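The following exercises ask the reader to describe a protein model step by step. Each task is followed by a worked solution.

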Amino acid sequence: MRIWPLSYIKGLSNMTIAERQKAFQKKLEDLGHVLKLEDDGRVDIFVCDCDYHNGPGCIKCDESWCHHCGHISNERCKGE
Ligand SMILES: [Zn+2]
Ligand SMILES: [Zn+2]
């Protein structure tokens, strides 16, 4: 099982990968980002897509993040 370095989110060690992914997305939404969705309504997790890095992206500010690395700045979304 891959361990993601998302230690800034409390209680992560008890979470499944799906729950961690959800916590990562919630953190982004809390910062005002609006995540790009797939046609079926699920979050598109290949907006950021480079080698083994992949993760969601924001349709307002065009930023994207790798949910494996788990690095998110605490700045709020700058998009309109
Ligand atoms: Zn944004
Ligand atoms: Zn990465």
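Two residues are in contact if their C-beta atoms, placed from the backbone, lie within 7 Å.

**Exercise 1.** State which residues Cys66 touches, leaving out residues up to four places away in sequence.

*Solution.* Step 1: apply the contact cut-off of 7 Å between C-beta atoms. Step 2: set aside the residues up to four places away from Cys66; the contacts are then Cys48, His53, Asn54 and Gly55. Cys66 belongs to the largest nonpolar core, together with Ala23, Phe24, Leu28, Leu35, Cys58, Trp65 and Ile72. This core has eight residues in all.

**Exercise 2.** Describe the order of the elements in the protein and the confidence of the prediction.

*Solution.* Step 1: the protein contains one helix and two strands. Step 2: read from the N terminus, their order is α-β-β. Step 3: the mean pLDDT of the protein is 83, and 84% of the residues reach 70 or more. Step 4: among the elements, the lowest mean pLDDT, 87, belongs to helix α1, and the highest, 89, to β2.

**Exercise 3.** Locate Asp51 and Asp62, and decide for each whether it is buried or exposed.

*Solution.* Step 2: Asp51 lies in the loop between β1 (48–50) and β2. Asp51 has 6 C-beta neighbours inside 10 Å and therefore counts as exposed. Its phi is positive, near 50°, although Asp51 is a residue other than glycine. Step 3: Asp62 is found in the segment after β2 (53–55). Because Asp62 has 11 C-beta neighbours inside 10 Å, Asp62 counts as exposed. Asp62 is not a glycine, yet its phi is positive, about 65°. Step 4: Asp62 and Val47 are 15 residues apart along the chain, and their C-alpha atoms are separated by 9.4 Å.

**Exercise 4.** Which segment holds Glu80, and how far is Glu80 from Cys61 in sequence and in space?

*Solution.* Step 1: Glu80 is in the segment after β2. Step 2: Glu80 has 5 other C-beta atoms within 10 Å, so Glu80 is exposed. Step 3: Glu80 and Cys61 are 19 residues apart in sequence, and the distance from C-alpha to C-alpha is 7.4 Å.

How values were computed. Residues are numbered from 1 along each chain as its sequence is written. Chains are lettered from A and ligands numbered from 1 in the order in which they are written. This is a predicted model: local features need pLDDT of at least 70, side-chain atom pairs count only at pLDDT 80 or more; totals for chains, interfaces and linings use all residues. Helices (H or I, at least four residues) and strands (E, at least two) are DSSP runs, numbered from the N terminus. A nonpolar core is a set of buried Ala, Val, Leu, Ile, Met, Phe, Trp, Tyr and Cys residues joined through C-beta atoms within 7 Å. A residue is buried if 20 or more other C-beta atoms lie within 10 Å of its own, exposed if 12 or fewer, and partly exposed in between; C-beta atoms are placed from the backbone. pLDDT is the predictor's confidence in each residue, from 0 to 100.
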